[in-house]
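Hi,

Here is the structure I promised to hand over. Please open it first, then read my notes below.

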Amino acid sequence: MIDKIYCVDVQPDMEGKRVKLAGWVYRKREVGKKVFIVLRDSSGIIQAIFKKELSEEAYEKAKKAGIESSVIIEGTVRADPRAPTGVEIQADRIEIVQNVDFFPITKDASEEFLLDVRHLHLHSPKVATIMKVKATMMQAAREWLLQDGWYEVFPPILVTGAVEGGATLFKLKYFDRTAYLSQSAQLYLEAAIFGLEKVWSLTPSFRAEKSRTRRHLTEFWHLELEAAWMDLWDIMKVEEELVSYMVQRTLELRKSEVETFRKDLTTLKNAVPPFPRVSYDEAIDILQSKGVEIEWGEDMGADEERILTQEFEAPFFVYGYPKGIKAFYMKEDPEDPRKVLAADMLAPEGYGEIIGGSQREDDYNKLVQRILEEGMKPEDYGWYLDLRKYGSVPHSGFGLGLERLVAWVLKLDHVRWATLFPRTPSRLYP
Ligand SMILES: NC(=O)C[C@H]([NH3+])C(=O)NS(=O)(=O)OC[C@H]1O[C@@H](n2cnc3c(N)ncnc32)[C@H](O)[C@@H]1O
Ligand SMILES: [Mg+2]
């Protein structure tokens with residue numbers, strides 16, 4: 001490893017100190033017999049000045065370095081308030097590791113082009129910032145899950161059945177059998193609670209969604225929790241505590257990065273328990289009062305959720321959905337058989353659903369009945385039904401879409417920007 005320091009390590013109080021940095025040429029300009037190179041590394045940027053009078057060799061090489069060339073620069077630190085970061089390097093040595101004559105991404109690059117060359121778009125400090133925030137959100141989640149006694153488990157991705165409806169399964173050939181890419185780890189987490197009680201996993205989930213919306217990917221990172229002995233109201237408390245910790249901790253560790261994407265942090269700061277809770281019935285009333293044509297029993301889509309979120313300045317729950325629009329595994333509401341014990345968490349500012357959760361049907365016969373009602377075959381869920389035969393317990397869980405959470409926190413206009421290599425119906429490469 002090169003014996004170097006990072007851009008962010010160079011401080012004005014290091015005036016006169018000799019330093020070595022490595023990175024990429026982010027910006028470059030020539031003024032008279034000086035070349036100004038703004039060097040970029042994973043920590044940020046710093047300006048390096050190459051004066052012909054100081055080192056003609058370094059000056060001539062700096063002149064030739066193209067944008068995004070990989071370079072190693074050495075020189076002396078000088079505090080200068082005119083420099084982008086208030087400090088700069090009086091450079092007298094540059095090694096061009098690989099020169100780039102023309103970097104394909106220019107200022108006027110279209111979004112589609114940026115996605116076509118996503119492998120090069122990852123040079124961008126803006127993209128790096130999104131990934132830093134996403135990593136910090138998961139760091140925070142892991143902190144919270146550890147201190148609250150949850151066990152991480154590692155469920156399979158190759159599975160034999162649907163969790164969230166057969167229409168969005170990706171099918172693949174598994175030797176002489178058919179397999180699918182997991183839509184959700186939920187069913188396997190439900191098996192894990194009989195030994196570990198409180199479990200979680202972060203897995204890629206796959207949905208052959210044809211809907212081309214700003215919140216759907218065909219592959220997304222899915223943070224899922226499952227707990228024995230918890231009912232819907234218990235798991236909603238877990239959800240709000242976890243999301244609150246993830247958001248507040250990220251503001252604590254990455255506030256300046258978040259502020260490069262949004263100036264107003266109000267809704268993020270409002271993300272503290274208890275989150276507002278509205279019933280599905282109340283949500284329908286709100287939407288109808290705002291002129292939305294929606295009837296009781298219908299699902300709320302992205303448009304309806306966007307309108308509903310205008311009523312809130314923090315993440316909020318909608319609970320008590322009609323059975324007909326929810327999944328087979330959700331427990332019927334004992335107080336209203338038309339409904340299930342399900343709750344979604346919606347993010348404000350138009351982002352909508354970031355979490356889907358529910359209490360699970362823990363009665364064997366009722367679950368068989370629900371499977372049949374949904375037109376599925378109980379024999380396809382034999383192992384899952386066994387969980388209701390051998391020491392069944394009340395239990396609940398949820399799934400959080402990590403990209404959707406990051407998209408809300410950073411106010412991104414599409415979840416695709418929150419993932420390293422987005423997968424959508426039209427995008428499988430790079
Ligand atoms: N363990 C569980 O209880 C999870 C449950 N089986 C489940 O998959 N629910 S969900 O379909 O609402 O998806 C959960 C969340 O997963 C996200 N999600 C769901 N589908 C997508 C797509 N297509 N793209 C991006 N994000 C997606 C979104 O935030 C949802 O709220
Ligand atoms: Mg959902």
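At roughly what angle do the axes of helix α8 and helix α9 cross? They cross at roughly 85 degrees. The axes come within 10 Å. Helix α8 covers residues 280–289 and helix α9 covers residues 302–309. Axes here are lines fitted to C-alpha atoms, for helices over the stretch in contact, and angles run from 0 to 180 degrees between N-to-C directions. Helices (H or I, at least four residues) and strands (E, at least two) are DSSP runs, numbered from the N terminus.

α8 and α9 are therefore roughly perpendicular to each other. The word covers angles of 65 to 115 degrees; under 35 counts as roughly parallel, over 145 as roughly antiparallel, and the rest as oblique. From α8, the contact (heavy atoms within 4.5 Å) uses Ala283, Ile286 and Leu287. From α9, Glu304, Ile307 and Leu308 take part. By class, that contact has five nonpolar residues, one charged and no polar. Ala, Val, Leu, Ile, Met, Phe, Trp, Tyr, Cys and Pro count as nonpolar, Asp, Glu, Lys and Arg as charged, and the others, Gly among them, as polar.

Before you go further: this is a predicted model, where local features need pLDDT of at least 70, side-chain atom pairs count only at pLDDT 80 or more, and totals for chains, interfaces and linings use all residues. Residues are numbered from 1 along each chain as its sequence is written, chains are lettered from A and ligands numbered from 1 in the order in which they are written, and side-chain values use heavy atoms, with hydrogens and water left out.

On confidence, the chain has a mean pLDDT of 97. pLDDT is the predictor's confidence in each residue, from 0 to 100. 100% of the residues reach 70 or more. The complex gets an ipTM of 1.00 and a pTM of 0.98 from the predictor.

Now the domains. The assignment, automatic or from a database, gives domain 1 (7–98) and domain 2 (118–418). Their centres, taken over C-alpha atoms, are 46 Å apart.

Last, the backbone. Most residues other than glycine have a negative phi, and most peptide bonds are trans. A cis peptide bond joins Pro273 and Pro274, with omega about -5 degrees. Pro274 sits in the loop between α7 (266–269) and β12 (277–279). Tyr429 and Pro430 are also joined by a cis peptide bond, with omega about 5 degrees. Phe175 is not a glycine, yet has a positive phi of about 55 degrees. Look for Phe175 in the loop between β8 (171–174) and β9 (177–181).

Best wishes
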